[in-house]
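Subject: Structure handover

Hello,

Here is the structure I promised you. Please open it and keep it beside this email while you read.

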Amino acid sequence: MTDAPASQPLMLFNSLTRQLEEFQPVHPGEARVYSCGPTVYNYPHIGNMRAYVFADTLGRTLSFKGYKLTHVINITDVGHLTDDADAGEDKMEKMAAEKAQSIWDIARHYTEAYWADVKALNIRQPAHWSIATDYVPQMIEFAKAIADKHCYELEGGLYFDTSTVADYGALARAKTDEGEGRIEEVEGKRHAADFAIWRKTPAGETRQMEWDSPWGKGAPGWHLECSVMSEALLGFPFDIHTGGIDHREIHHPNEIAQNQAHSCSDASGARIWMHNNFLIERSGKMSKSAGEFLRLQLLIDKGYHPLAYRLMCLQAHYRSELEFSWEGLGAALTRLKRMVMGVEQLKARHLETTSSAWSPTYAAGEWTLRKFLDAMPVKSIESNNLTQFDREISNDLGAPSALLEVELVLGPGAKKQSASDRLNTLAAIDDVLGLAICSTSRADLRIRPNAATITEAEIEAALTRRKEARAAKDFATSDKLRDELTAAGVEVMDGDPLGWDWRLDAN
Ligand code: AMP
Ligand code: ZN
């Protein structure tokens with residue numbers, strides 16, 4: 001039994017209507033969510049990971065509100081061309097040729113790299129990772145069902161005629177004949193926006209990935225997989241479809257057109273379509289074709305805990321652009337440290353007053369607002385921050401303002417509450433934010449940059465010697481030690497209010 005959804009209505013911005021709408025599940029008490037996943041031809045950049053932090057925060061919010069969540073994220077290992085429309089080469093085939101490896105090895109390697117980032121960012125495992133190549137027979141059946149009424153064949157394969165469905169491109173606010181020039185022409189296409197359902201292997205060529213079909217040997221078009229897998233795993237219609245804002249323009253309008261054709265109706269497939277805005281970086285380091293690009297591992301190598309990046313994402317609303325900077329990331333790390341140290345202090349206070357270590361009323365992943373309210377004594381609820389947190393997060397995932405509740409619970413205003421009540425509130429909040437503030441320690445957050453030449457033990461020893469020298473008013477020695485540390489990339493932070501005595505330079 002799931003507990004009843006909490007009273008605060010969950011309002012979400014639907015890209016289809018460009019309005020906030022109250023979440024009303026297709027199946028009472030359930031939430032079924034499909035997120036477009038990565039194309040596994042290369043490492044994800046941190047912008048890609050913003051899309052999954054967003055989808056995870058949505059999923060966590062739905063769980064917190066008491067809905068039984070079924071989340072699907074797909075893995076695209078076939079069909080995605082270098083252009084989201086229908087031009088260019090197959091991303092997977094291209095990388096496999098460059099690396100002289102099989103596509104299957106490329107797909108496995110980059111899927112695992114993506115999963116490592118998912119784990120590092122504390123993104124919960126979805127109910128299903130649907131792998132596109134596992135669904136090719138279903139894609140062929142889907143295509144067969146719509147071929148007569150909605151498709152036409154060209155030399156290159158089977159194409160979808162976008163004029164055969166009502167209001168094509170409504171999601172993008174585009175028209176069928178728009179996009180001329182944007183899309184590299186395919187000879188014989190009836191409309192610029194028409195797209196491939198099946199791409200035939202050119203005569204005389206063999207592709208690493210190809211399947212037999214009524215339209216010849218070939219591979220499915222990219223858009224087909226999401227229509228097929230979402231319906232197979234979540235039913236039709238389901239609740240929420242997510243993706244980055246670029247998908248609002250081509251990929252999702254095409255999915256919707258296919259869904260309309262297949263269901264012989266105007267139904268788009270999902271009740272609510274949600275899109276996260278982009279993470280941007282001005283010097284071009286997010287381009288996967290530029291040598292060192294912004295991967296999560298690069299952040300870790302430079303000494304930034306991955307959850308600082310998660311916090312950086314949450315500090316901006318998912319519908320706003322977010323500009324990446326190392327300073328911004330550093331500020332997020334400092335904020336996370338403050339939170340973690342605040343939790344450590346509360347745990348210490350709890351131990352002092354009760355002589356027992358604090359343990360949360362519910363384990364991580366099991367909090368809901370209803371359970372929390374039931375567990376709290378009435379007077380605590382009134383002064384509790386969780387109801388305010390609920391208001392913020394229920395307002396189209398208002399994470400930036402919801403985050404402030406963490407600091408309010410840690411701050412002097414919450415002093416009257418017991419340490420245990422405050423910690424439980426933080427644990428419940430963290431089940432939505434996923435920052436692991438109740439299980440991470442200050443030491444965990446201090447990551448050694450790869451480029452560092454000095455060890456923590458050496459730093460601590462030099463600092464102890466420096467402290468002794470200062471106590472003895474031997475400032476020459478103290479300055480010398482400080483200079484030596486600086487030369488080794490250690491910034492000595494005298495008087496840091498966090499008591500974070502030193503930091504290793506990342507570069
Ligand atoms: P891809 O692997 O290219 O299919 O992209 C995976 C996901 O990342 C999709 O949902 C994209 O819309 C999203 N995405 C791509 N670039 C960015 C970015 N710079 N910021 C946020 N999301 C992005
Ligand atoms: Zn998709």
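The donors of the zinc ion (ligand 2) are spaced C-x189-C-x24-H along the chain. Donors here are N, O and S atoms within 2.8 Å of the metal (3.2 Å for Na, K and Ca); water is not among the atoms, so sites may look incomplete. Cys-36 (SG), Cys-226 (SG) and His-251 (NE2) coordinate the zinc ion (ligand 2), at 2.0 to 2.2 Å. Cys-36 lies in the loop between strand 3 (30–35) and helix 1 (46–64), and Cys-226 lies in helix 5 (residues 222–234), so this pair ties together parts 190 residues apart in sequence. Helices (H or I, at least four residues) and strands (E, at least two) are DSSP runs, numbered from the N terminus.

Cys-36 is buried, at 7% relative accessible area. Cys-226 is buried too, at 1%. Buried means under 20% relative accessible area, exposed over 50%, and partly exposed in between (1.4 Å probe, protein chains only).

A word on the basis. This is a predicted model, in which local features need pLDDT of at least 70, side-chain atom pairs count only at pLDDT 80 or more, and totals for chains, interfaces and linings use all residues. Residues are numbered from 1 along each chain as its sequence is written, chains are lettered from A and ligands numbered from 1 in the order in which they are written, and side-chain values use heavy atoms, leaving out hydrogens and water.

Now the rings. The whole structure holds 15 aromatic pairs. Rings of Phe, Tyr and Trp (its six-membered ring) pair if their centres lie within 6.5 Å; planes under 30 degrees apart count as stacked, over 60 as edge-to-face and the rest as tilted.

Trp-115 and Trp-129 make a tilted pair, 5.4 Å centre to centre with 50° between the planes. Trp-115 is in helix 3 (residues 103–120) and Trp-129 in strand 5 (residues 128–131), 14 residues apart. Trp-115 is partly exposed at 30%, while Trp-129 is buried at 18%.

The charged end of Arg-319 is over the ring of Phe-13, 3.8 Å from its centre. Lys-371 lies over the face of Tyr-362, 4.8 Å from the ring centre. The test is NZ of Lys or CZ of Arg within 6 Å of the ring centre and within 35 degrees of the ring normal.

Best wishes
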